[in-house]
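Student: I would like to learn how to read aromatic side chains in a model. Where do we begin?

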Amino acid sequence: MSAATESAPVYSPFFGVMGAASAIVFSSLGAAYGTAKAGTGIAAMSVMRPELIMKSIIPVVMAGIIAIYGLVVAVLIAGTLGRAPTYDLYNGFTHLGAGLAVGFSGLAAGFAIGIVGDAGVRGTAQQPRLFVGMILILIFAEVLGLYGLIVAIYLYTK
């Protein structure tokens, strides 16, 4: 085996593809859970206070942004995929790490947004002063996904 094929075996693009797939799959799972969990809270709250429905959509929008983080990283990784001689193991492993970083942090952020959004909109229906606190907690939960995006972009550029 030559030095070029040792650093770029035929299976090296597999890791890059798995990075792109894990970025979009896990971040979309987090966004879907956050949307579903916050949506059930909105549905339950709207029975008591239908005038607060549009104000309570914020957690659902924030959950959807999590999926965009994964989409950005997946498209970046997919744009640099290539065949084995030009795509080596180093690129495959860094792209896998980037995909896992944004994917798992998006999954965690989606869970946090869903739980906080569900409890927050129900609580806001009973006590309107809770709204600002809910928004602040949602921002801190959203930042978890943003941290994963930053790490993923840093790994991607290596």
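Student: Is Phe111 buried or exposed, or partly exposed?

Tutor: This is a predicted model, and the values are computed from it. Phe111 has 36% relative accessibility, so it counts as partly exposed. Tyr33, at 28%, also counts as partly exposed.

Student: How are the rings of Tyr33 and Phe111 arranged as an aromatic pair?

Tutor: Planes under 30 degrees apart count as stacked. Between Tyr33 and Phe111 the angle is 15°, and the pair is stacked, with 4.2 Å centre to centre. Tyr33 is in helix α2 while Phe111 is in helix α4, so this pair ties together parts that are 78 residues apart in sequence.

Student: How many aromatic pairs does a search of the whole structure find?

Tutor: The search finds five. One of them joins Phe15 and Phe93: the planes are at 55°, so the pair is tilted, and the ring centres are 4.7 Å apart.

Student: Which helices hold Phe15 and Phe93?

Tutor: Phe15 belongs to helix α2 (residues 12-48) and Phe93 to helix α4 (residues 89-126), so the pair ties together parts 78 residues apart in sequence. Phe93 has a relative accessible area of 44%, which means partly exposed.

Student: Which residues form one aromatic cluster with Phe15 and Phe93?

Tutor: Tyr11 and Phe14 form one aromatic cluster with Phe15 and Phe93.

Student: What lies over the face of Phe131?

Tutor: Here the partner is a charge over a ring. Lys55 lies over the face of Phe131, 4.4 Å from the ring centre.

Technical notes: Residues numbered from 1 in each chain as written. Predicted model: local features only at pLDDT ≥ 70, side-chain atom pairs only at ≥ 80, totals over all residues. Heavy atoms only, no water. Phe/Tyr/Trp six-rings, centres within 6.5 Å; stacked < 30°, edge-to-face > 60°. Helix = DSSP H or I, 4+ residues; strand = E, 2+ residues; numbered from the N terminus. Buried < 20%, exposed > 50% of the residue type's maximum accessible area, 1.4 Å probe, protein only. Lys NZ or Arg CZ within 6 Å of the ring centre and 35° of its normal.
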